[in-house]
Amino acid sequence: MKNELIDYCLRIGDSSLILSHRIAEYCSKAPILEEDLAITNVGLDLLGQAENFLNYAAKLKENTTADLLTFKRREGDFRCLHLVQTPNTDFAFILARQFLMDCYHQILFTKLLNSKDETILGISKKAIKEINYHLDRSSDWIKRLGLGTKESNERIQNAIDDLWMYTDELFTDNSTDLIMEKNKIAPLSSSLKNEWTEIVVNTLTYSEIEVPENIYYSLKYGKNGFHTEYLGFILAEMQHLPLLYPDATW
């Protein structure tokens, strides 16, 4: 079970890490200063959550650290979801991606509050307040754009349409999910789908945004080590200096 626990921590940690990196890329480019500060804080929250899970994975794995897991792992060793790897096309895409992930995180971390693993339980207790704020913020923006101008509605609709196909991975179980559920450490990914769908559909419907049809675009997912073409470019930027100067320290 140890290997599956490490794999599960990497999945959550890597997904938060890559999403925080995407947000960092957008820093100073938001349409208003208030939003620039808000989304930067969300990125910092995600980075903190990533650090907690990667620290736990490093402790379980032994002879490594969260920094080494971040900067020295190969692409195929990452377990981040495909959705967080998608590029920052525009403000609507960033918000749509964040909203879909915020809903997922809110449901997942709420269930992790019942985890039998004390470390995961502790991380979840700390993170849930941040996650609730993230969801309130992104839900509000979905409504503002959906019910705003014709252009804002079209832009957020296009973003939801293009990103929707990545959501099937959120609810696909693999062998790690089965072990985590069996040992009462984490819920099955598939068990999150109904609650997630209810929140997302209600928000989109209220915002006059059409809910796309489900499209299964892939049978190979990030949680299993198979990634989109975007991750390699992210890691090339993120890992460049640590790989160039492997012995450098702060």
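Predicted model: local features only at pLDDT ≥ 70, side-chain atom pairs only at ≥ 80, totals over all residues.
Residues are numbered from 1 along each chain as its sequence is written, and side-chain values use heavy atoms, with hydrogens and water left out.

**View 1. The aromatic pair of Phe91 and Trp141.** The structure holds seven aromatic pairs (ring centres of Phe, Tyr or the six-membered ring of Trp within 6.5 Å; planes under 30 degrees apart are stacked, over 60 edge-to-face, the rest tilted). The Phe91 and Trp141 ring centres lie 5.0 Å apart with planes at 90 degrees, so this pair is edge-to-face. It links distant parts of the chain, 50 residues apart: Phe91 belongs to helix 4 (residues 91–112) and Trp141 to helix 5 (residues 118–146) (helices are DSSP runs of H or I, at least four residues, numbered from the N terminus). Both Phe91 and Trp141 are buried (under 20% relative accessible area, 1.4 Å probe, protein chains only).

**View 2. The aromatic pair of Tyr104 and Phe171.** Tyr104 lies in helix 4, and Phe171, 67 residues apart from it, in the loop between helix 6 (150–163) and helix 7 (175–182). Tyr104 is buried at 5% relative accessibility, and Phe171 is buried at 10%. Tyr104 and Phe171 form one aromatic cluster with Trp164 and Trp196.

**View 3. Charges over the rings of Phe78 and Tyr206.** Arg73 sits over the face of Phe78, 4.0 Å from the ring centre (CZ of Arg or NZ of Lys within 6 Å of the centre and within 35 degrees of the ring normal). Lys143 lies over the face of Tyr206, at 5.4 Å from the ring centre.

Definitions and conventions: Helix = DSSP H or I, 4+ residues; strand = E, 2+ residues; numbered from the N terminus. Buried < 20%, exposed > 50% of the residue type's maximum accessible area, 1.4 Å probe, protein only.
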